[in-house]
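Notebook open, model loaded. I'm jotting down what I looked up, in the order I looked.

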Amino acid sequence: ACRKPGTGLLAAIEAELALSPRGAPVIGDSLRDLQAALAYGCRPVLVRTGKGAATLLELQSGRVTLPGWEGIPVYADLAAAARAILQQYPAPQDDR
């Protein structure tokens, strides 16, 4: 069994769906979520809800380090992150 956060969940998704999550956005609120996303080759996204505000403060203060964290997008909540991610992809065309 695997548990979030960690790469085990991402590996299980890959095995079960036969699709690689590498390059996919992974939304989280903790440093461990961001680390797991990066370790698996995914695109980390931080939300301020839950532990997210504290995680952001720790990164900004330098109390914790994560190379390149400044490039990680930060959103108010899951809904805002999902909207931003969906805007990156064009809507499918109706071929009827």
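How many aromatic pairs does the count come to by the ring rule? I took rings of Phe, Tyr and Trp (its six-membered ring) as paired if their centres lie within 6.5 Å, with planes under 30 degrees apart stacked, over 60 edge-to-face and the rest tilted. The count comes to 0 aromatic pairs.

Ground rules before going on. This is a predicted model, where local features need pLDDT of at least 70 and side-chain atom pairs count only at pLDDT 80 or more, while totals for chains, interfaces and linings use all residues. Residues are numbered from 1 along each chain as its sequence is written, and side-chain values use heavy atoms, leaving out hydrogens and water.

Rings again, now with charges. I called a charge over a ring if NZ of Lys or CZ of Arg is within 6 Å of the ring centre and within 35 degrees of the ring normal. Arg22 lies over the face of Tyr40, 4.1 Å from the ring centre.

Next, the fold. I took helices (H or I, at least four residues) and strands (E, at least two) as DSSP runs, numbered from the N terminus. The protein chain has 4 helices and 3 strands, and along the sequence they read α-β-α-β-α-β-α. The C-alpha trace spans about 55 × 30 × 20 Å along its principal axes.

Then burial: buried is under 20% relative accessible area, exposed over 50%, partly exposed in between (1.4 Å probe, protein chains only). Buried residues make up 28% of the 96 residues in the protein chain.

I looked at helix H2 (31–39). In H2, Leu31, Asp33, Leu34, Ala36 and Ala37 are buried. With contact meaning heavy atoms within 4.5 Å, the buried residues of H2 pack against H1, E1, strand E2 (43–47) and helix H3 (52–61). H2 is followed by Gly41, which has a positive phi near 85°.

Is Asp29 buried or exposed? Asp29 is buried, with a relative accessible area of 17%. Leaving out residues up to four places away in sequence, Asp29 touches Leu46, Val47, Thr49, Gly50, Lys51, Gly52 and Thr55.

Last, a backbone check. Most residues other than glycine have a negative phi. Ala18 has a positive phi of about 55° although it is not a glycine. I found Ala18 in the loop between helix H1 (7–17) and strand E1 (25–28). Ala18 is exposed, with a relative accessible area of 67%.
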